[in-house]
Amino acid sequence: MDQPSSHLKIKRADGIAVVEFADRKILEELSIQEIGEELMRLVESEPGVRLLLNFRNVDHLSSAALGMLITLNRRVQEQKGQLKLSDINRQIYEVFKITKLNRLFEIYDTAEEALAGFTRP
Amino acid sequence: MRPPPDFGVRDEELTHLVVPSDLRSAKEPEEQIVSEMISHGYDRDTIFALRLALEEAITNAIKHGNRNDPTKHIHLRYHVNPDRVVVMVRDEGRGFRRKSLPDPTADENLQRAGGRGLMLMRSYMTKVRYNRVGNEVWLLKTRKEPDK
């Protein structure tokens, strides 16, 4: 079931929350706080959440977005949940590599591969 | 606010803008610069790099330099030509000591939410130069540069 949101499109696939970003340049400082709050509310409301962030609409992000993802990841871990990222384009993935955050996050080429990688709760 | 001599641009070539110290106001000059890069035929990777570094510099100026004070301003100077882009960002703060910054890629810092802006600027720009005080940064991005 789709959940209306100004920045996120959320769907469910076999109990996994699949999130896409509504705008191409959303992951910049102006909207990142709101996006972080929306995602955190989702995580807080669902202990053991299995969350997939699909980056297919994203062609720009800032270090603030990376900070948001780190904070989100930490909370997911605390909640005994799982977080995966997918469909990150070459330029964005380079940012993850330069900051070595490709080691922190589970990143998949496609959403299908990421979905298959979730373990059952 | 004069350009570093090794940046290959003369002082009189630079456009000077002053914007209020908030992200929305800084968007317009950013788009102006990107628009000029596009008209000069810069490739997507170079535009991506400049946009990323510029946004980090502006965010630092707003958050750290001007301490989120909306009454302060950011000074921008820039020049775009066929072989280089030069941008200056200056805040109205007291500056900072760059040597005191921790390495964000160290294992113990990887999970810190902040502290990556400067590293990203240096990784994506051809040159990054701060004034002594630390409230003014110059970014240079040349059209072609060796692989890092």
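The following exercises, each with a worked solution, concern a predicted model.

**Exercise 1.** Describe the open sheet of chain A, giving the order of the strands and naming the edge strands.

Solution. Begin with the order, which runs E1-E2-E3-E4-E5 over five strands of chain A, with mixed pairing.

**Exercise 2.** Determine in which sense strands E3 and E4 of chain A pair, and find the bridge partner of A:Leu53.

Solution. Strand E3 covers residues 50-54 and strand E4 covers residues 82-86 of chain A, and the two pair in the parallel sense over five bridges. Within this part of the chain, the partner of A:Leu53 in E4(A) is A:Leu85.

**Exercise 3.** Decide whether A:Leu52 is buried or exposed, and list residues that it touches.

Solution. First place the residue, for A:Leu52 lies in strand E3 of chain A. A residue is buried if 20 or more other C-beta atoms lie within 10 Å of its own, and A:Leu52 counts as buried because it has 24 C-beta neighbours inside 10 Å. Leaving aside residues up to four places away in sequence, A:Leu52 touches, among others, A:Ile16, A:Val18, A:Lys84 and A:Leu115.

**Exercise 4.** Work out which helix of chain A gives the most to the side that touches chain B.

Solution. The contact takes 18 residues from chain A and 18 residues from chain B. Helices H1 (29-44), H2 (63-78) and H3 (90-98) of chain A each supply at least two residues of chain A's side, and H2(A) gives the most, with seven residues. By class, this side of chain A has seven nonpolar, seven polar and four charged residues.

Technical notes:
Residues numbered from 1 in each chain as written. Chains lettered and ligands numbered in written order. Predicted model: local features only at pLDDT ≥ 70, side-chain atom pairs only at ≥ 80, totals over all residues. Pairing = 2+ DSSP bridges. Helix = DSSP H or I, 4+ residues; strand = E, 2+ residues; numbered from the N terminus. Buried ≥ 20, exposed ≤ 12 C-beta atoms within 10 Å, placed from the backbone. Contact = placed C-beta atoms within 7 Å. Nonpolar A, V, L, I, M, F, W, Y, C, P; charged D, E, K, R; others polar.
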